[in-house]
Amino acid sequence: MWESAKIVAPTPNSAIIQLDVDDNFVINSSQLNMILENKFDVYQRADPHDHIPEFLTICNMFRYGKTQSEAVKLMIFPLSLCDEAKLWFNELNEESITSWEQMRKAFINIFFPPSLFNHLLLEIRNFSQTVCESLTEAWLRLKSMLRKCHGHSLTKGAIIQVFYHGLDESTQAILDKTTGGIFLYKNPNQAFQFLDDKVLFKHDWSTKSQNDHHQKSVSFADGSDSNNDNSRFMEKLKAIDSKVISLNEELEDMREKYNKLRNENASKNKMNDVTSMCERHEANYIQSKDYQNQNSHDSSSR
């Protein structure tokens, strides 16, 4: 009686339709292990635009035939999800996913919604250099923000505008002086190349310092125009370094002259103090002598 009273709910079908595959079709176990080791969990791995390329890279490492490649992606994609992402997939309507492209779009739309895109784009447009942040660090941070805002559609010219106006005035002045004019007037491709070259130059310099100052060349893109730009860039950096050295030498010279003048003034003031003291002693002595003579004269008169 108790057995007959139980109601067992039917097992729901998968959100992905059952695709036809060959009877001898088998998914490689190595591929499955790689998928299980790279799960999307919404927390540590929270960018769907990063997860999809990694998933496809693993899929493309194994060949199953043109007709079965889509079936493989649809079959094993749920295995690449866990926690909230797996819960989302399980709540999809039964057999609502009919193709890999539909699966990809549904996944990205839920974990990279328009509201998140608008928030990231607003952060980029409001970009500003932080306190104690160098020019190179600011540029790398902006590029990282651009990578996270997938599909931002900002041109190189617009990105350069955002970056330049986000810098403080002193950094803008340094950038203008280094490039030999107003930075915003540069061609966007040249501006990008200059900033990326500056990053490479800083990286090469730090690497050289870590390796006991062994000389290393900075690798740039091939091409005569690029090489000419790089040569001019290096010449400008050397000119700036020489100016800094010259300024330091002038400051050191001024410091020595100041110290010498201060010592001379101190010695002169000391001599003046001694002279004044001697003059005062002499005046007191004369006054005392006159007083004694006057007293002697008065005594004689009496």
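Is threonine 179 buried or exposed? I started my notes with this residue. Threonine 179 is buried, and its relative accessible area is 6%. The model is predicted, and I read every value below as computed from it.

**Entry: around threonine 179**

I placed threonine 179 in the loop that runs between α10 (169-178) and α11 (188-210). I then looked up what its side chain reaches. A polar atom of that side chain lies 2.8 Å from the backbone oxygen of leucine 175. The side chain of threonine 179 also reaches the backbone oxygen of glycine 181, at 3.3 Å.

**Entry: the chain as a whole**

I counted secondary structure next. The protein chain has 12 helices and 0 strands. Its pattern along the sequence is therefore α-α-α-α-α-α-α-α-α-α-α-α, with strands defined as runs of at least two residues. The chain has 302 residues, and buried ones make up 27% of them.

**Entry: helix α4**

Which residues of α4 are buried? I listed Ala71, Val72, Lys73, Leu74 and Ile76. These buried residues pack against α2 (29-36), α3 (48-60) and α6.

**Entry: aromatic rings**

I searched the whole structure for aromatic pairs and the search gave 14. One of them joins phenylalanine 77 and tryptophan 100 in an edge-to-face arrangement, with 5.4 Å from centre to centre and 75° between the planes. Phenylalanine 77 belongs to the loop between α4 (69-76) and α5 (83-90), while tryptophan 100 belongs to helix α6 (residues 100-111), so this pair ties together parts that are 23 residues apart in sequence. I checked burial for both partners. Phenylalanine 77 is buried at a relative accessible area of 0%, and tryptophan 100 counts as buried at 7%.

I then asked which residues form one aromatic cluster. The members are Phe40, Phe55, Phe77, Trp88, Trp100, Phe107 and Phe111. I also noted a charge over a ring: the charged end of lysine 156 sits over phenylalanine 192, 5.2 Å from the ring centre.

**Entry: aspartate 41**

Where is aspartate 41 found? I found it in the loop between α2 and α3. Aspartate 41 counts as buried, because its relative accessibility of 13% is under the 20% cut-off. Leaving out residues up to four places away in sequence, I recorded that aspartate 41 touches Cys82 and Asp83. I also looked up its spacing from lysine 86, which is 45 residues away along the chain: the two C-alpha atoms are separated by 8.2 Å.

**Entry: cysteines**

How many disulfides does the structure hold? My search returned 0 disulfides. Cysteine 82, which aspartate 41 touches, counts as buried at 17% relative accessibility. Cysteine 149 also counts as buried, at 0%.

Technical notes
Residues are numbered from 1 along each chain as its sequence is written. This is a predicted model: local features need pLDDT of at least 70, side-chain atom pairs count only at pLDDT 80 or more; totals for chains, interfaces and linings use all residues. Side-chain values use heavy atoms; hydrogens and water are left out. Rings of Phe, Tyr and Trp (its six-membered ring) pair if their centres lie within 6.5 Å; planes under 30 degrees apart count as stacked, over 60 as edge-to-face and the rest as tilted. Helices (H or I, at least four residues) and strands (E, at least two) are DSSP runs, numbered from the N terminus. Buried means under 20% relative accessible area, exposed over 50%, partly exposed in between (1.4 Å probe, protein chains only). A charge sits over a ring if NZ of Lys or CZ of Arg is within 6 Å of the ring centre and within 35 degrees of the ring normal. A polar contact is a pair of N or O atoms within 3.5 Å; within protein, one must be able to donate a hydrogen and the other to accept it, and residues adjacent in sequence count only if both atoms are side-chain atoms. Contact means heavy atoms within 4.5 Å. A disulfide is a pair of cysteine sulfur atoms within 2.5 Å.
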